[in-house]
Amino acid sequence: MPPRFLLPAARLVERGLERIGSRPGDEPVLEPYLGYATPDALILRGRVLSHLRRAQPVPEQSRWTNLRQMVLLFLTDEVSDVTVKGGGTTAVSDAEGYVTLHVAPDWIEAELSGAERSWADVTVEIAGRAETRKVFPARLPGAEARYMVISDIDDTMIETGAHSLWRNLWTTFTGSALSRKVHDDAVELMRYLTQKGRNPVFYVSSSPWNLHRFLEDLFARADVPSGPMFLRDLGVTGDGVGKSHGNHKGSAIDVILAANPGLSAYLVGDSGQHDATVYLDAVLRHPGRILGVALREPAPGVGNNDARAIAGIEAAGVPCFHGASFQGAVRHWGLD
């Protein structure tokens, strides 16, 4: 728990940023996130904001322009207590503007039945405002899926320097969806594991939800397999700002495994942000559900804590590959 005086100060900063981001006459709009399916419902996710700030980067634009565009993504003004409807159900946005719709199986069967598909597109709108309609997509793992993939993003899929706070901030805020580097070996691994969309992939990251569209655009440019993202809320709550890295990732993994009880998973991450420890805990909480682990080493070698976690993963009978790249992970898992 942070010192008491820090929470009021953080709330003042948050409100100030929201005022900077707001504009007179703004009407609430919807920002869709990628949803997912459970045995009992289709989970649609998004956010209600006063407006959307979005810019299309162009090649060779300056770091200053990148910085300005990235900062604007964080100047959001969330709108609470807004009723949203779609998929035969309704939900109300929370204090940070987030909204989650649980679409019942009977509606899914009636409206989305037909040929086998990997994604469901559901039209969602703010109640009473048809002009706010947006398509909320959700991943539907088909009967042909043999397993799923749960992957970190920073320093796993894209070069970030997340193990260093200042390098992470510099890389994040001065890059664009055109300039940020996606690791070729990670793309190759994801394409192999997903088997052209047959096996679903889920991305778990400590990056904030403000970067959801940015990451979608970046992945699309690099032809990274698309999947629902579980990002972090940086809003101020009674417990502080956001949720801790490990707790967030561990909780997200639990949610994904519960949503797909018939599928085991491969976990992909890096050794720069204690993913080894998070993944070891997941292996121990879900015996038999984790098929393999792969960890990129952003810096040469692994620290003592990561080494102990890797040993623990292997001791639990789960093959754990680690190295400077993911080349060799498939062989280590015995998949080739």
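Visitor: How do the axes of helix α8 and helix α9 cross?
Guide: In this predicted model, the axes of α8 (residues 275-285) and α9 (residues 304-315) come within 8 Å and cross at roughly 25 degrees. Axes are lines fitted to C-alpha atoms, for helices over the stretch in contact, with angles from 0 to 180 degrees between N-to-C directions. Helices are DSSP runs of H or I with at least four residues, and strands are E runs of at least two, numbered from the N terminus.

Visitor: Roughly parallel or roughly antiparallel?
Guide: That angle makes α8 roughly parallel to α9; under 35 degrees counts as roughly parallel, over 145 as roughly antiparallel, 65 to 115 as roughly perpendicular and the rest as oblique.

Visitor: Which residues meet there?
Guide: From α8, A276, T277, Y279 and L280 meet N305, D306, A309, I310, G312 and I313 of α9, where contact means heavy atoms within 4.5 Å.

Visitor: Switching topic, what is the strand order in the sheet?
Guide: The open sheet has 6 strands, ordered β11-β10-β9-β14-β15-β16, with parallel pairing. Two strands pair if DSSP finds at least two bridges between them.

Visitor: And which are the edge strands?
Guide: β11 (229-232) and β16 (320-323), each pairing on one side only.

Visitor: How many bridges join β14 to β15?
Guide: 6 bridges join β14 (residues 265-270) to β15 (residues 290-296), and Y266 stands opposite G292 in β15.

Visitor: How should I read the numbering and cut-offs?
Guide: Residues are numbered from 1 along each chain as its sequence is written. Local features need pLDDT of at least 70, side-chain atom pairs count only at pLDDT 80 or more, and totals for chains, interfaces and linings use all residues, while side-chain values use heavy atoms, leaving out hydrogens and water.
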